[in-house]
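Here's a quick briefing to read with the structure open. Grab your viewer and follow along.

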Amino acid sequence: MKRRDFLKAWMICGASTTFGITRNAWGGASFEGYPERMGVLVDLTRCVGCRSCEAACNKEQQLPAPSAPFDDLSVFDRKRRPTEKAYTVINRYETTKAGGPVYRKIQCNHCNEPGCLSSCLVNAYTKTQEGAVIYNPKVCIGCRACMVACPFNIPGYSYSSAFNPLVKKCVFCYDTRLKNGKSPACVEICPQETLTFGHLNDLIKIGHERIREMPDKYIDHIYGEKEVGGTGWIYLSGVPFDKVGFDTTLGNEPIISNVKEFLGLIPMVLAIWPALFTGFHLLSTRNNNDPSKQGDSHSYREDAKP
Amino acid sequence: MHVVRNWLIRGVLVIALTIAPADSRAQNMPDSIDLDSLVQFYEKVSFDHAKHIGLSKDCSVCHHHTTGTPTEDANCIRCHKNSAATAVVACTACHSAQPFSAETIKKNKSNVKSYHKDMPGLKGAYHQSCGGCHARDGGPTGCQDCHPRKKSGDAFYHAGEYAPKTPKNGKSRGR
């Protein structure tokens, strides 16, 4: 995007907000998500930590070769997060629960109201009606605002690129699979069916049904059903979520709710301030029109003319 | 000569018919089943059905209520307390090999009266069903303990001859 186009778009946005054309655009707190959106139910009680999903992601997204084989389990010795080279990772948590460690898959949760999308100043992000949160790398300017805004610390960053660093993250295999009606590559490869792909509304029902049928096996909560306004990837667990790396302090309000009133002021500031300060300037220089001072303020007055 | 040969054949038949039901209990029950849904990356599994019958005794552990033996799962008993054996008992009869294809999802959604909406696919059913007992009773639990990886699998996992040239640390522990 050219700088000129960017500033033009910003000014148009500011003007339209000021004159109330899009008043409802940032008052949409009741958005409940696209009705046909897809999602994935992740059942942590099923995962055995085989890392097949990581391998499938690497191949599907044509990511660089890993530094260790995907059957190397020594990577579990430390906690990892998604990066530019791995859009999904599995972490291992030792718990007191019988039956060994608990494995947790991390990838973009594809929020209903994504914080990354709200924070992106070049509008690179899109929430598709299929439920994926995708981004246009051609528009991304690498500002990393989305990395700060994401409540789950998901977007990775191509720190390795010296000249054109960009944000990189899981896109729900949108281009290659989801938009053609196929499940993401990680879902397809998972041997344990830890990942269940389907319509999000159905998955929420399935999750509650599993809890109802096996109350001793599951914590009575679906993480992501309500957190930060609901996410496309939702989780069942047999151990408390905060014990396996989930942030349970996020609350149920979408990230944009924290800032939308403030953000709504910014375009107005952009639209009003130029006029306001031009007015101040004209006021402060009005006295210069006094004919007695005309001689020495002539050139100055010429500059002040709009 | 003919008499002796006929008696021999009869004797063999009688012995065979007496032993066979003890080993596989009913007709058409396979002693070995080839599981080949993962042949893209793994060798097929020759599942020793006869051996597992001996180990488990109770068919319902794997076959739910479909073989006619009562299931003990409280969630199943609610409806299937008196269910008779079904015509087909193979895993593939109910568990889809493509559980998340657009067609399967559409079919499940259109069948509003279906109760079993959360039925795992074939691969999930195998692994969930086998894995639980194997972990509890000391059966094999590593991926390659049941199905060795093919060359294509090594390439997919960047393992074996496709392993990164300079491993960062630790040795590869194939499962």
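**Aromatic rings, a greasy patch and a buried alanine**

A:F280 comes out as partly exposed, because its relative accessibility is 46% and that falls between the 20% and 50% cut-offs. Bear in mind that this is a predicted model. You'll find A:F280 in helix α7 of chain A, which covers residues 255–286.

**The nonpolar patch**

- A:F280 belongs to a nonpolar surface patch of about 1,000 Å².

- Over all chains, the count of aromatic pairs comes to 15.
- One of them joins A:W273 and A:F277, an edge-to-face pair with 5.6 Å from centre to centre and 90 degrees between the planes.
- A:W273 and A:F277 are four residues apart in helix α7 of chain A, so about one helical turn separates them.
- A:W273 has a relative accessible area of 48%, so this residue is partly exposed.
- A:F277 is also partly exposed, at 43% relative accessibility.
- A:F277 pairs with A:F280 too: the ring centres are 5.7 Å apart and the planes sit at 65 degrees, so this pair is edge-to-face, the cut-off being over 60 degrees.
- A:F277 and A:F280 lie three residues apart in helix α7 of chain A, about one turn of the helix.

**Other rings to look at**

- Which residues form one aromatic cluster? They are A:F152, A:Y223, A:Y235, A:F241 and A:F246.
- The ring of A:Y93 has the charged end of A:K79 sitting over it, 4.7 Å from the ring centre.
- In the case of A:Y157, the charged end of A:R144 sits over the ring, 4.7 Å from its centre.

**The alanine in the loop**

- Is A:A132 buried or exposed? A:A132 is buried, because its relative accessible area is 0% and the cut-off for buried is under 20%.
- To find A:A132, go to the loop of chain A between β4 (125–127) and β5 (133–135).
- Setting aside neighbours within four places in sequence, A:A132 is in contact with A:H110, A:T126, A:K127, A:V171, A:F172, A:Y174 and A:L178.
- A:K179 is 47 residues from A:A132 along the chain, and their C-alpha atoms are separated by 9.2 Å.

Technical notes. Residues are numbered from 1 along each chain as its sequence is written. Chains are lettered from A and ligands numbered from 1 in the order in which they are written. This is a predicted model: local features need pLDDT of at least 70, side-chain atom pairs count only at pLDDT 80 or more; totals for chains, interfaces and linings use all residues. Side-chain values use heavy atoms; hydrogens and water are left out. Patches are made of residues with over 30% relative accessible area and no salt bridge: like charges are joined within 9 Å, nonpolar side chains (Val, Leu, Ile, Met, Phe, Trp, Tyr) within 5 Å. Accessible areas come from the Shrake-Rupley method with a 1.4 Å probe; for residues, only the protein chains shown count as cover. A salt bridge is a side-chain nitrogen of Lys or Arg within 4 Å of a carboxyl oxygen of Asp or Glu. Helices (H or I, at least four residues) and strands (E, at least two) are DSSP runs, numbered from the N terminus. Buried means under 20% relative accessible area, exposed over 50%, partly exposed in between (1.4 Å probe, protein chains only). Rings of Phe, Tyr and Trp (its six-membered ring) pair if their centres lie within 6.5 Å; planes under 30 degrees apart count as stacked, over 60 as edge-to-face and the rest as tilted. A charge sits over a ring if NZ of Lys or CZ of Arg is within 6 Å of the ring centre and within 35 degrees of the ring normal. Contact means heavy atoms within 4.5 Å.
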